[in-house]
Amino acid sequence: MSEVPQNLRYTSDHEWVRLEDDGSVVVGITDHAQEALGELVYVEAPEAGQEYGKGDACVVVESVKAASDVYAPISGECSESNGALADEPERVNQSPYEDGWLVRLIPSDPAEMEELMDADAYAQFLIDSDG
Amino acid sequence: MPYIPHTDKDVAEMLAGIGASSTEDLFDEIPVGLRVDDLPGVPEALTEAEITRLMRRRARRDGEVVSFLGAGAYEHYIPAAVWDVATRGEFYSAYTPYQAEASQGTLQLIYEYQTMMTGLTGLDVSNASLYDGATAFAEACLMAVRANRKSKSGRVLVSRGVNPIYRSVTDAIIKGQGIELVEIPLRDGRTDVDALAQFDGQDFAALCLQQPTFLGTIEEADAITDWAHERNILVIGSCNPLSLALLKAPGDWGENGADIACGEGQPLGIPLSSGGPYFGYMVCRTQLQRQMPGRIVGGTLDIEGRVGYTLTLQAREQHIRRSKATSNICTNQGLMVTAATIHMSLLGAEGLRRVALACHANTRMLADALAKIDGVSIAFGPYFHEAVVQLDRPAQSIIEALGSQKILAGYDLSAHYPELGSALLVCATEARTSDDIGAYVAAFEDAMKKSQAA
Amino acid sequence: MSEPLIFEISQRGRRAPSHAPSDVPEHDLPADLLREDPPLLPEVSELQVVRHFTRLSQRNFSIDTEFYPLGSCTMKYNPKACNRLAMLPEFLERHPLGAVEHGQGFLECMYELQDMLAAVTGMAATSLTPMAGAQGEFAGVAMIRAYHDANGDHERREIIVPDAAHGTNPATATMCGCVAVEIPTGADGDIDMDALRDAVGPQTAGIMLTNPSTLGVFERKITEVAKIVHDAGGLLYYDGANLNAILGRAFPGDMGFDVMHLNLHKTFSTPHGGGGPGSGAVCVNERLEPFLPIPVVGKKIVDGEDRYVWLTEADRPRSIGRLSAFMGNAGILLRAYIYMRILGREGMRRVSEFATLNANYLMKRLADLGFDVAFPERRASHEFIVSLKAITSETGITAMDFAKALLDRGFHAPTTYFPLLIPECLLIEPTETEARQDLDAFANALAEIRDLARSDPDAVKAAPMTTPVRRLDDVRAARHLDLAWRPADDASQ
């Protein structure tokens, strides 16, 4: 059973979103996602200043067998990426919600946060789609 | 029945096991209207002896030609050990090394090949090869467009000195993706460095040079490389790998070296064989390695700590991205790489250097002798192992005259380089003896006497 | 026992000197054009080279040494005669740009090969230039697009692809500026016809299909599929990877395909060579003939005799262009030609006959031994799928574990990662050149591994144990990239 922290919001593409006090938003992939991908070998993250619309591919995570796009859960501008992942991509597998965060975005439309699933909805989504 | 091992007893028992009465039953899912009973367009079978006689006869029709033709494919001596070992069944009939534990021979060989190519080019990471020099060039252009984050134009500068067929193949491959090739003119047979100024301020993803150029001349790559890098343009060098045993490596061009080197591997132990199979090579800077198409072999350890080799970075290779430019390539020229690696091991740096120098010396001997003939001049220098011979009459007349004596005179440049007038690209590799060269010059002189000046 | 790298055997000053000219004159090249340091290449004697690479070869599995039932790869015997005759010195020495007068022998072989390939596929014309299946696919989709553009149908940009298709298909569509649209496959292995009807329309450029499909079964409604796509204005592309199943028994041309590629390294037994070279000749019907990639071999009558010539840009102005520097993998094409001449008219049909017999026999053997066959009610084509999902649930032993255990028993594994639709599967293609006793031995080996999975799963997980290396750390290989050997810092070479 994969972990689904209560204080986060989620997308149907298995990204999690955490709203920070300063209004920025931290994005990562869920425990379910890292489990499905297998051990990550590389993370390609954007440079600061890149802008994304909701649903645009913003990060690529690579395992031995596949490279997968991670989509921006909300529209916004990237203010930073998790630089530690360049040398230790396995942080995403070991700590998907903490040390394995991917990018920080400055949202351009705060209303989009409402469109995201809460923890219970995401947990149900996982059950319904049978993982 | 050639290659079918079944006895009648086997067939009967196998059918019984399946529960079918004849092999025809096994095709009962094919709709009746689609079934074919015969192949009238295919001749009757030949025994091995019969096909041997046929092929020997056809080969004899084509043999005994002395070639002074290069233009992208070169005749070099290939030591006997190269193909003797490369066609061992364990190399010849092995599959792609997906099950690494069952393919350590092929994988280690490719790792050694990759190492040798980084040495020749002075760059960091090689792939396991591509189809040929032309497609390697196309893939390098696609790769540069993908990799150059600072460029959005999808435009690539290509010197007129790059093989015209490579440019044509690249057009065919990239035209579906909106990428544009823009030509840099030549002066005195080499890329016109002064002409680069006209491109100042424009957005290009890459600049491509060929070394030596298609015309045989040696580019002054340093200035061009620096010009490109000052403008955030990636530099691609399409280089004859034999020439790299002698000439400055693309990794040493200008201040920072080229970004991608590619080219045709045929000169490294691959026979001319009417144009294929050859192999394309590609080597790049570490920063670009994840954008490189094709297979790559990496070293690792097994569960007992033993060194082993495996295909790696495969996610890039097979992944289908909706990004700007994509490649569907999924093969390498395994057998050719095997031969080339053995060839490079047999010759080594010193051997390849001597071959390169011998080619240069032979072409110089040929060019100097031809220049003494009235109506003939050598257009450009310095050259590596091909030279442009300009004539006062159509090159085709010389080609035909020498052709009737079974001498391949050279490549007629008039179609692709009309600005050169009547011109022939000649090449004398180390495979040509001084007798061969003497015979060529004599035949050329003869042909000049017999034909009229234009 | 490991085999050192050639660089580790290398010693400064050691050479195989007889292969390069010994007396080399001075040169006149400007110093600033030359390299300063020699490239890092080995310095070894000829015996060391021969021994090293021979020993490397002995660390490979190959068709010459092991049964290789890799699904969708057609690992049949590569006849030695094809290699020997393709490597006759006169063929090897011929320059690609040599005058056609000096190439009539070679060109005659190529011309006849073009004709024979069209004859066995029911198509009108052939181009031999694509150098691999993927290039053949590219040519095929590019020709479809060129056809629509020539008709002014510029909106036709969608290529329909079944979800069971090989990954190169959608990639090829993208390369040609098209969009791949996936449709589902039904539980019985045939295409979902309703989904197909929904997917076609004025935006459809064409559909890419394999028949028999990648699931190992014949697409029974193919004529109907063709009608639906043609009626909507699209064209049909045939991926010839599975031609071994129907060679000489059914023509893709009759099924309604407009264009196809062949894998000469599969169906026509040219060597796999450790990953290549392949050859992906394309065949087309009349509609697409003007767009074939160049060059193509033509025939003219000159002075009452057949003369073979190259047809290039001037002869074929609507061609999609050149895909290689010369004319494709000539030496491979010669091998395919020789193979087809040795097999002849009846031999082609025997290929599909015995490939299908072997596949159906092996499928039944494995079913009798208790394995789950994916489509037990269907005939196998030249290959079939065994699902190991139940065994995996029961024991934790995966298809990959089976593959590794097979290596210890002297068999190369079948395909395990494809098709993606069926988890924990083995796609098994025995080919027609394998003897019944080898099929039995393979089936027994699989059963033995299955039994071991139940009694001692750790023993299976530990496989392979007899190969030159045990299981390799793929993650380490990708995380800590070691892609070339480097000398130790202070060591002089």
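Modeller: The expected span of a helix is 1.5 Å times one less than its number of residues; helices (H or I, at least four residues) and strands (E, at least two) are DSSP runs, numbered from the N terminus. This is a predicted model, in which local features need pLDDT of at least 70, side-chain atom pairs count only at pLDDT 80 or more, and totals for chains, interfaces and linings use all residues. Residues are numbered from 1 along each chain as its sequence is written, and chains are lettered from A and ligands numbered from 1 in the order in which they are written.

Colleague: How far apart are the end C-alpha atoms of helix 2 of chain C?

Modeller: Helix 2 of chain C covers residues 46-57, which is 12 residues. At 1.5 Å a residue it should span 16 Å, and the distance between its end C-alpha atoms agrees: 16 Å.

Colleague: Within what arc do the buried residues of helix 2 of chain C fall?

Modeller: The buried residues (20 or more other C-beta atoms within 10 Å of their own, C-beta atoms being placed from the backbone) are C:Val49, C:His52, C:Phe53, C:Leu56 and C:Ser57. They line one face of the helix, because the directions from the helix axis to their C-beta atoms fall within an arc of 135°.

Colleague: Which element contributes the largest share of the side of chain B that touches chain C?

Modeller: In this interface, 156 residues of chain B are in contact (C-beta atoms, placed from the backbone, within 7 Å) with 165 residues of chain C. The largest share on the chain B side, 20 residues, comes from residues 334-371 of chain B, namely helix 10.

Colleague: Which residue is the bridge partner of C:Ser387?

Modeller: Strand 11 (residues 384-387) of chain C pairs (at least two DSSP bridges) with strand 12 of chain C in the antiparallel sense over four bridges. In strand 12 of chain C, the partner of C:Ser387 is C:Cys425.

Notes: Two residues are in contact if their C-beta atoms, placed from the backbone, lie within 7 Å. A residue is buried if 20 or more other C-beta atoms lie within 10 Å of its own, exposed if 12 or fewer, and partly exposed in between; C-beta atoms are placed from the backbone.
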